[in-house]
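Here is a walk through a protein model, taken one piece at a time. Keep the 3D view open and follow along.

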Protein chains: 2
Amino acid sequence: MKPSLPQGTRDFDAATIRKREYILDTIKKQFVLHGFEPLETPAFEKLETLMGKYGEEGDKLIFKILNNGLGQSAKNTAEIARANFENILAGKNEPNITERALKYDLTIPFARYVAMNFGKLSMPLKRFQIQNVWRADRPQKGRYREFTQCDADIVGSASLINEIELANIYKNVFDALDVPVEICINNRKVLTALAEICGKENAMTNLAIAIDKLDKIGLEKVLEELRNRDFDTNSVDIIAEYLASQKLGSNEEKLETVSNILIQNPLGQDGILELKEVLAACPYLQIDFTLARGLDYYTGSIFEVKPTDVKLGSIGGGGRYDDLTGLFGVKDVPGVGISFGVDRIYDVLEESNRFPEKMSVEKTVLILNFGVQYTSDLLEIAAKLRIENIATTIFPDAKKIDKQFKYANAKGFDYAILFGEEEKEKQNVKLKNLETGEQANVPLKEAIAIIQKA
Amino acid sequence: MKPSLPQGTRDFDAATIRKREYILDTIKKQFVLHGFEPLETPAFEKLETLMGKYGEEGDKLIFKILNNGLGQSAKNTAEIARANFENILAGKNEPNITERALKYDLTIPFARYVAMNFGKLSMPLKRFQIQNVWRADRPQKGRYREFTQCDADIVGSASLINEIELANIYKNVFDALDVPVEICINNRKVLTALAEICGKENAMTNLAIAIDKLDKIGLEKVLEELRNRDFDTNSVDIIAEYLASQKLGSNEEKLETVSNILIQNPLGQDGILELKEVLAACPYLQIDFTLARGLDYYTGSIFEVKPTDVKLGSIGGGGRYDDLTGLFGVKDVPGVGISFGVDRIYDVLEESNRFPEKMSVEKTVLILNFGVQYTSDLLEIAAKLRIENIATTIFPDAKKIDKQFKYANAKGFDYAILFGEEEKEKQNVKLKNLETGEQANVPLKEAIAIIQKA
């Protein structure tokens, strides 16, 4: 039997892990510098914690875990389970068959954590979380069933300083990664105001859904869809004018245009003011009034980051939500957060050739093996190199020398150390730089100095 | 609804994560210094990859994932699923309902990886892997349903240098963690020889199972169990003599005694020789001929690490296996590996108060907030601190000063920076050392210097 991986999952080898860590370390450094602390939550949550939080489509993509009692217990477990299995098939929760599910994102588990520990936590709480999540999505290029999310959130504070700090994290991270990006901002209050002007129940949801398609289907089709969703002519004209603001060049022009459209609406003016305040501190941000972001729970600022020289959609996003923990019975805890799309950032760096040439500056050494009579010498040499923090491998078998060199090259070692009869006699080692081919017969101390200087 | 965690799982807060990272970084450092490279495999594998690899008991503890098609598709999916559900209940694989499962350890996924990529990998392959695994075990103190495994393996080499290097890793890690341990070694060849002398089919398995209980039930009960398992009097006498070797003080005495018992058995003598060779390089190892370790796949050296001043069972173990990838169709790839029980090591350090007092030497700063009129100043101060790699939080809301100080103390910040009217006028900041209470009104540059010197 030839083994294989489940669809949509990946093994990460050493080279890939180093590249991923380069990205994650860059992000993590900014999180820490900005005062965020780490949190980790379990891979699976109770089913009831997750279900109903991601909309109907999201719920279907949650990986459910079979109860571990199943398959080993008494006949009546079997009976109960079979009787209830139809509920599962209909997409309903069924604690007799499944009561756990893999986490679908990091936000809901974080909200669960905050609600669960609310009395004990000092507010505001600034946490970052870098963990895998799982979605039963159809796998395709750049979309996996297991992938890494990388979030920072501040809860317990409504101050716009939080938005500013999060925007600065985006800026600093992509500067550090040398990835040219557009960091876009909008404010849900502005969108809600627009929906209010259109004067319809549920206008906000329909509006957000339609606007989200702007990039894909274009303005005319979006307006058509709005007409089909019973927006009147006047409303559609206003929305068209609103969306056209995106064609204006500067943030100032956009703000003026949209402010005029919403001139009568206090919530809209509030949103405009918030945008102005964040922009004053973060002039690199670009207003995009057509940015909607699907998630229902956003209530204020929303962010999205797109690479400008690779076509790859969004590589980051987030926003303000004012009642996330309300889902778990703890009301009125405002929050704002951002997320980095680590797998996509990886693809951007790969496609634009922006990973640093060498991920690690540490030099690595392979000690060649000329037979068991040298084992204790090789172990001693290795121990001395390792005390100097030089990563060292002893080739464990006394294979032919060219095989050992071939291995050294395949693995990308920086140096080989040879130690045989001659070296033992002279109390030397032979150090070979595998890049340049240079060789030196020197005492081990000197070899270490050469490696460290390189 | 008050939310809660699934049984046997945990949230890790910042303090816990720092302690865990202290352990993991210590281990990882040794792995890297010894030439091991990282590997990561997915959280879930195909069910067929995992089933049948961990014995009957192990199979029952594997968390199976419901197929994601279920619950959303046509009626006939429901019919198929219901018809087949009985197979699941009987513990059989059923691809119509579940074809994926959470990984149960890191060894089988690693074997799957090696078999899958065999032609492309340079041998020997030295990999380490630090990831979570999941078991549907009954949760109890120190036993979780999600926990971290931390493994290093070398495959593609039969040399005992590998055993020596792995033993050295154990030694170096527990020295670095300052945890007093016994690192025990035995060799499966010796146990197999003993079973051969007893001359029974399957003697090895019964012997290993009985010996594994020695610590719990004592010598007499073990011998009784062997008699019940049809070992004859002569065999039980030999085994009693063999097990009594553990009471001898030195490795040399133990080796001599057991060597004499197995004097006629070539495999046994081979095992004795291997032990002697490893011991010659690793004099800190302690022979324990009663060490069996349950897993069927071990064929040579076996290791176990126990803390000596905390009663907590094994905190590490491993051994040589000579055909692990044979499970996946790639024959004759010898390997040897060790594993660290991270969660238990955590408990040992906690119980014996051995975590370093401060996990991080980095100083942290909270900038207090006296109102929106200072926002841009505070942002500027924060930016300057962060450029100097000082982790900095701006208190986002202009709350009462004592509330902000209370927050600083609860969170354990090292310094507070105050910036109000007076400081703005004088172009100073007020720096307060939160441990000593010392204050200084100084230019920001000087404040940074003070923090950096601390």
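Start in chain B with an open sheet of five strands, in the order β13-β12-β14-β15-β16. The pairing in this sheet is mixed. Bear in mind that the model is predicted. Which strands stand at the edges? They are β13 (391–394) and β16 (439–442) of chain B. Each has a single partner strand, so one side of each is left without a neighbour in the sheet. Neighbouring strands here are turned against each other by 25° on average, direction ignored.

Now look at one pairing within the sheet. Strands of a sheet pair through backbone hydrogen bonds, in either a parallel or an antiparallel way. In chain B, β12 (residues 364–367) and β14 (residues 415–418) take the parallel sense, over three bridges. To find the spot, pick B:Val365: opposite it stands B:Tyr415 in β14(B).

A helix covers part of this sheet's strands. Helix α17 of chain B, residues 444–453, lies across β12, β14, β15 (429–433) and β16 of chain B. Its direction is about 15° to that of β15(B).

Next, step back to the two chains. How many residues of chain B are in contact with chain A? There are 95, and they touch 95 residues of chain A. The area buried between chain B and chain A is about 8700 Å². Carbon and sulfur atoms give 60% of that area.

Charges also meet across this interface. Between chain B and chain A there are 10 salt bridges. A:Arg18 forms a salt bridge with B:Glu37. The closest N and O atoms of that pair are 2.9 Å apart. Polar contacts between chain B and chain A come to 33 residue pairs, both residues being at pLDDT 80 or more. On the chain B side, helix α1 (residues 14–33) gives the largest share of the residues that touch chain A, namely eight. By class, that side has 47 nonpolar, 22 polar and 26 charged residues.

Finally, look at salt bridges over the whole structure. Over all chains there are 52. One to inspect is in chain A, where A:Asp343 forms a salt bridge with A:Arg10. Their closest N and O atoms are 2.7 Å apart.

Key. Residues numbered from 1 in each chain as written. Chains lettered and ligands numbered in written order. Predicted model: local features only at pLDDT ≥ 70, side-chain atom pairs only at ≥ 80, totals over all residues. Heavy atoms only, no water. Pairing = 2+ DSSP bridges. Helix = DSSP H or I, 4+ residues; strand = E, 2+ residues; numbered from the N terminus. Axes fitted to C-alpha atoms, helices over the stretch in contact; angles between N-to-C directions. Contact = heavy atoms within 4.5 Å. Buried area = accessible area lost by both parts, 1.4 Å probe. Salt bridge = Lys/Arg side-chain N within 4 Å of Asp/Glu carboxyl O. Polar contact = N/O pair within 3.5 Å; in protein donor to acceptor, adjacent residues only side chain to side chain. Nonpolar A, V, L, I, M, F, W, Y, C, P; charged D, E, K, R; others polar.
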